[in-house]
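I set out below my notes from a first reading of this model. Each entry records what I looked up and what I found.

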Amino acid sequence: MPRLRRRGAHANLVGASGATWGALLRTSEPASAAGGIRPVVVSVGHGLSLPSALGVVRRCSRHRIPEPVRQADLRSREWLREHGAAAEEEGG
C-alpha cells in the first residue's frame, strides 16, 4: 500500500490497462503513533471526476467514514436495536 502520510493524502488505483479506477484516501489520523492507516476507497461517479469525488469525500469526512455514510450506519443500527427483536418475533 502506498504511504499516505497525512489526512487528505490520496493514491490513485490504477489497473493493469493503465486506467485509473479510483483512489485510496486517508480521511483521519491514526488514534496512536503505532495505529494503522485504513484509507477509504473513492471511485468516480456518473458525471463526477475523480478529483471532484475526492474533494466531496474530504469535505464530508469528520471521522474515518464520510459523514452521510456514517449517519446512515448509525441510524440503521439504532432502528435494528429498536425493531430487530420485534421483526424476528413476527417472522420477518
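**Entry 1: Surroundings of G22**

I began with the contacts of G22, where contact means heavy atoms within 4.5 Å. Not counting residues up to four places away in sequence, G22 touches N12, L13, V42, S43 and L50. The model is a predicted one, in which local features need pLDDT of at least 70 and side-chain atom pairs count only at pLDDT 80 or more, while totals for chains, interfaces and linings use all residues. Residues are numbered from 1 along each chain as its sequence is written, and side-chain values use heavy atoms, with hydrogens and water left out.

I then placed G22 in strand 2; helices (H or I, at least four residues) and strands (E, at least two) are DSSP runs, numbered from the N terminus. G22 counts as buried because its relative accessibility is 1%. On this scale buried means under 20% relative accessible area, exposed over 50%, and partly exposed in between (1.4 Å probe, protein chains only). I also noted that 6.2 Å separates the C-alpha atoms of G22 and V44, which are 22 residues apart along the chain.

**Entry 2: The nonpolar core**

Which residues make up the largest nonpolar core? I use the term for a set of buried Ala, Val, Leu, Ile, Met, Phe, Trp, Tyr and Cys residues joined through side-chain atoms within 4.5 Å. The core has eight residues in all: A23, L25, V40, V42, L50, A53, L54 and V57. Strand 2, strand 3 and helix 1 (50-60) are the elements that give two or more residues to this core. Helix 1 gives the most, with four residues.

Leaving aside neighbours within four places in sequence, V57 is in contact with L25, T27, V42 and P66.

**Entry 3: T27 in its loop**

I located T27 in the loop between strand 2 (20-25) and strand 3 (40-43). Is T27 buried or exposed? At 4% relative accessibility, T27 is buried. Beyond its neighbours within four places in sequence, T27 is in contact with R7, V40, V57, S61, H63, R64 and I65.

**Entry 4: Salt bridges**

I counted a salt bridge wherever a side-chain nitrogen of Lys or Arg lies within 4 Å of a carboxyl oxygen of Asp or Glu. Side chains of opposite charge can pair when their charged atoms come close. The count by this rule is three salt bridges.

R77 and D73 form one of them, at 2.9 Å from N to O. Both residues lie in helix 2, four residues apart, about one turn of the helix. D73 is partly exposed, at 33% relative accessibility.

Salt bridges that share partners join R62, E67 and R70 into one network. In the pair E67 and R62, the N to O distance is 3.5 Å. For R70 and E67, the closest N and O atoms are 3.0 Å apart. R70 and E67 are about one helical turn apart because they are three residues apart in helix 2 (residues 67-89).

I compared the accessibility of the members of this network. E67 is buried at 14%, R70 is partly exposed at 25%, and R62 is exposed at 62%.

**Entry 5: V41 at the surface**

Finally, I looked up V41, which lies in strand 3. V41 is exposed, with a relative accessible area of 59%.
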